[in-house]
Structure formats: C-alpha cells, structure tokens
Amino acid sequence: MSRLPVAAAVLAATFLSLAPLPALAADATGVWQRPSGTSRIKIAPCGSALCGTLVWLKAPRNDTQNPDPAKRSRPLLGTRTVMGMTPTGNAGVWKGKVYNAEDGKTYSGRMTLEGANKLSLKGCVLGGLICRGETWSRVR
C-alpha cells in the first residue's frame, strides 16, 4: 500500500476531528438579567412550556400599569412576565406571551437562545409586524 493514501486518510481524519461538535440541546432555563440591570427573570418549566418569573428587582415596585385595577397594588416581584413559551421546531427558539410591566400590556413573544449565556426576547403586535426586544444575560 502506498504512503500517499494513508497520509491523505490521516490528514482527513485530523480535519474531521477539528470540526465543531454538534450543539448541545438548547437550554433557556435559569436566571437572566435585563441589559439595564434593573431586574432578573427566572425561566423554568411550567407544564410542557417555559415561563419566566421576576425574581429580583433593583427597585421593587408594584404592578401599577396592570390593566386590571385590582392587580395594580400587587408587588411586581414574583409576577410571571414570560408565559407559555413552546418550542417552534427551530432549536433554541420558543414562542408564547410576554407581559411588559412598564406599559401593562401582554404581547406575542418570541424567545431565542443566542449561545449559552444570551437570550433574546421580543414582544410583537400585529402578527409579528412590529416587534421590540432586548437580549438578556445569564446570571446562573
């Protein structure tokens, strides 16, 4: 057997071993911080979906913008702000609802894991025509 095919096989095996490994299953569970640093949200399973609850606020306050007057005096801490996020079929992407305590409105939401420590969250209206969002950082 000639040395050239053996050398080519060794070289090919070396390059293949340097190829990136398949991505691990996307895991959005954990505690995430908004870029402003004003709040932290814990993403955890809720039934067959993922949900997010406010677990820390830099300046605790009540849910004053809630459309339900009976809920305006409740503390925001412990409020569920990410609801019913289910997988879209694309790895690391979920869709559900997002409650924005700053305006008291609930939007169609999309959550995308952008690496192990970044989570993009968007709230949309008009069937996704107009969206606003931000990228959260994993705290733990």
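Leaving out neighbours within four places in sequence, M85 contacts A49, L50, W94, K95, G96, K97, V98, G109, R110, M111 and L121. Contact here means heavy atoms within 4.5 Å. The model is predicted: local features need pLDDT of at least 70, side-chain atom pairs count only at pLDDT 80 or more, and totals for chains, interfaces and linings use all residues. Residues are numbered from 1 along each chain as its sequence is written, and side-chain values use heavy atoms, with hydrogens and water left out.

M85 also belongs to the largest nonpolar core, which has 19 residues. Such a core is a set of buried Ala, Val, Leu, Ile, Met, Phe, Trp, Tyr and Cys residues joined through side-chain atoms within 4.5 Å. Buried means under 20% relative accessible area, exposed means over 50%, and partly exposed lies in between (1.4 Å probe, protein chains only). I43, M85, M111, L119 and W136 have the most contacts inside the core. At least two core residues come from each of β2 (39–46), β3 (49–57), β4 (80–87), β5 (93–100), β6 (105–113) and β7 (118–125). Strands (E, at least two residues) and helices (H or I, at least four) are DSSP runs, numbered from the N terminus. In soluble globular proteins, nonpolar side chains tend to be buried together.

T81 is found in strand β4. Its relative accessible area is 8%, so T81 is buried. Beyond residues up to four places away in sequence, T81 touches I41, G52, L54, K97, V98 and Y99. S120 is in strand β7. S120 is likewise buried, at 8% relative accessibility. With neighbours within four places in sequence set aside, its contacts are R110, M111, T112, E114, E134 and T135. G123 is in strand β7. The relative accessible area of G123 is 14%, and G123 is therefore buried. G123 touches Y107, S108, I130, C131 and R132, not counting residues up to four places away in sequence. The C-alpha atoms of G123 and K97 are separated by 7.7 Å, although the two are 26 residues apart along the chain.

A nonpolar surface patch is made by V125, L126, L129 and I130, with an area of about 410 Å². Patches are made of residues with over 30% relative accessible area and no salt bridge; like charges are joined within 9 Å, and nonpolar side chains (Val, Leu, Ile, Met, Phe, Trp, Tyr) within 5 Å. Accessible areas come from the Shrake-Rupley method with a 1.4 Å probe; for residues, only the protein chains shown count as cover. V125 is in strand β7. V125 is partly exposed, at 33% relative accessible area.

The structure holds two disulfides, each defined as a pair of cysteine sulfur atoms within 2.5 Å. One joins C46 to C51, with an S to S distance of 2.0 Å. This link is right-handed, with 60 degrees about the S-S bond. C46 is partly exposed, with a relative accessible area of 21%, whereas C51 is buried at 5%. C124 and C131 form a disulfide, with sulfur atoms 2.0 Å apart. The link of C124 and C131 is right-handed, with 110 degrees about the S-S bond. C124 is buried at 11% relative accessible area, while C131 is partly exposed at 35%. With the bonded cysteines of the protein chain numbered in sequence order, the pairing is 1-2, 3-4.

Three salt bridges are present. A salt bridge is a side-chain nitrogen of Lys or Arg within 4 Å of a carboxyl oxygen of Asp or Glu. E102 pairs with R34, the closest N and O atoms being 3.1 Å apart. The pair links distant parts of the chain, 68 residues apart: E102 is in the loop between β5 and β6, and R34 in the loop between β1 (30–33) and β2. E102 is exposed, at 51% relative accessible area. E134 also forms a salt bridge with R34, with the closest N and O atoms 2.5 Å apart. E134 lies in strand β8 (residues 130–138) and R34 in the loop between β1 and β2, so this pair ties together parts 100 residues apart in sequence. E134 is partly exposed, at 25% relative accessibility. D63 forms a salt bridge with R74, the closest N and O atoms being 2.9 Å apart. D63 and R74 are eleven residues apart, each in the loop between β3 and β4. D63 is buried, with a relative accessible area of 0%, whereas R74 is partly exposed at 29%.
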